[in-house]
Amino acid sequence: MEIKRVFDLLDNYVEKYPNQEIALSGKKNGQWVNYSSKSYKEHADFLSYALIELGIGKNDKVAMILTNRPEWNMLDMAVSQIGAITVPIYPTISEEDYRYILSDCDAKLVVIDGLSVMNKVTNILPDAPNVKMVYTMVDREKYPCFDQLLQLGKDHPHAEEVAARKSSVDEMECATIIYTSGTTGTPKGVMLSHHNLMNQFPNFHYTISEGSDKAFSFLPVCHAYERALNYCYQYRGMSIYYAESFVFKTLKIVDKINKTLRPPKPEEAAEDAIKEATA
């Protein structure tokens, strides 16, 4: 099938690799949790149903302040296929940057990961009245959590509405807004269309060696480069394994999954992250 929009990639994955047992994998409580291509698709659809039930409309912004994890992909597809716009944000930036970005992009819903991020977002919510809903990845008893969002979709299916919205999305429409680091002032939002995103990953296609069937991802998926690679992995039907943390557990995990591909020069990325963490 022709891949023109972000969610076309997931439909293509299920069509071409229906028996892929591990499309996405991440660790929970020290154990690998795997999602097949069909499970990946089901989770994305349930999340789309939930977002529709919550009133997320076409071109509404959904901010994702998450570490690398399978749920990142599920939300990415779920938001895209209902015509809404993803705003991936680093979980390591300042409270002031969260205040600016969430207001600037006019986010309606925010999904967050980590206690520190939750506290920062909570503090700035009075200055971001556009944010109507907050969900956390785990139940921290302050906001509804991801499992509740998933269950909402299961309880309120909107299959026909999702199909209608998918057919209405044009490839030239905005799919995501990626914010710069703000080193020259306030962060700047870069609007990328489905066409922009889906014409990036084919350029990475030939950088992956023949026979590679597993990818180990630890660079932030919210970064444009890793995101393009991530889409390429899905296009190739590869299993994506996510690091439990950005640096410190990387080497231990690599030994466990017998990876066949990783981003170039991971030692440099690790060195930079260690310097940042110990500064």
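User: Take the contacts in the protein chain between residues at least 6 apart in sequence: what share of them join residues at least 24 apart?
Analyst: That share is 71%. Contact here means heavy atoms within 4.5 Å. Before we go on: this is a predicted model, where local features need pLDDT of at least 70 and side-chain atom pairs count only at pLDDT 80 or more, while totals for chains, interfaces and linings use all residues. Residues are numbered from 1 along each chain as its sequence is written, and side-chain values use heavy atoms, leaving out hydrogens and water.

User: How many helices and strands does the protein chain have?
Analyst: You'll find 11 helices and 10 strands. Both are DSSP runs numbered from the N terminus: helices are H or I with at least four residues, strands are E with at least two.

User: What makes strand 1 and strand 2 a pair?
Analyst: Strands pair if DSSP finds at least two bridges between them. Strand 1 (residues 24-28) and strand 2 are joined by 5 bridges, so they pass that test. The two run antiparallel, and S25 stands opposite N34 in strand 2.

User: In what order do the 4 strands of the open sheet come?
Analyst: The order is 2-1-10-9, and the pairing is mixed. Strand 2 (31-35) and strand 9 (214-217) each have a single partner strand, so they stand at the edges with one side left without a neighbour in the sheet. On average, neighbouring strands of this sheet are turned by 25 degrees against each other, direction ignored. For such angles, axes are lines fitted to C-alpha atoms (for helices, over the stretch in contact), and values run from 0 to 180 degrees between N-to-C directions.

User: Which strands does helix 3 lie across?
Analyst: Helix 3 (residues 70-80) lies across strand 1, strand 2 and strand 10 (239-242), at about 130 degrees to strand 1. Helix 9 (residues 224-235) packs on the sheet too, touching strand 9 and strand 10, and its direction makes about 140 degrees with that of strand 10.

User: Why is the contact of E71 with K28 called a salt bridge?
Analyst: The rule asks for a side-chain nitrogen of Lys or Arg within 4 Å of a carboxyl oxygen of Asp or Glu. For E71 and K28, the closest N and O atoms are 3.1 Å apart, so the pair qualifies. E71 sits in helix 3 and K28 in strand 1, so the bridge ties together parts 43 residues apart in sequence. The structure holds 17 salt bridges.

User: Is E71 buried or exposed?
Analyst: Buried means under 20% relative accessible area, exposed means over 50%, and partly exposed is in between (1.4 Å probe, protein chains only). E71 has 2%, so it counts as buried. K28, at 36%, falls in between and counts as partly exposed.

User: What separates D45 and K41 in helix 2?
Analyst: They are 4 residues apart in helix 2 (residues 37-53), which means about one helical turn.

User: How close do the N and O atoms of K58 and E173 come?
Analyst: The closest are 2.9 Å apart, and the two residues form a salt bridge. K58 is in the loop between helix 2 and strand 3 (61-65), and E173 in the loop between helix 7 (159-168) and strand 7 (174-179), 115 residues away. K58 has a relative accessible area of 36%, so it is partly exposed.

User: What makes the phi of D106 worth a look?
Analyst: Most residues other than glycine have a negative phi. D106 is not a glycine, yet its phi is positive, about 65 degrees. D106 lies in the loop between helix 4 (95-104) and strand 5, and its 45% relative accessibility makes it partly exposed.
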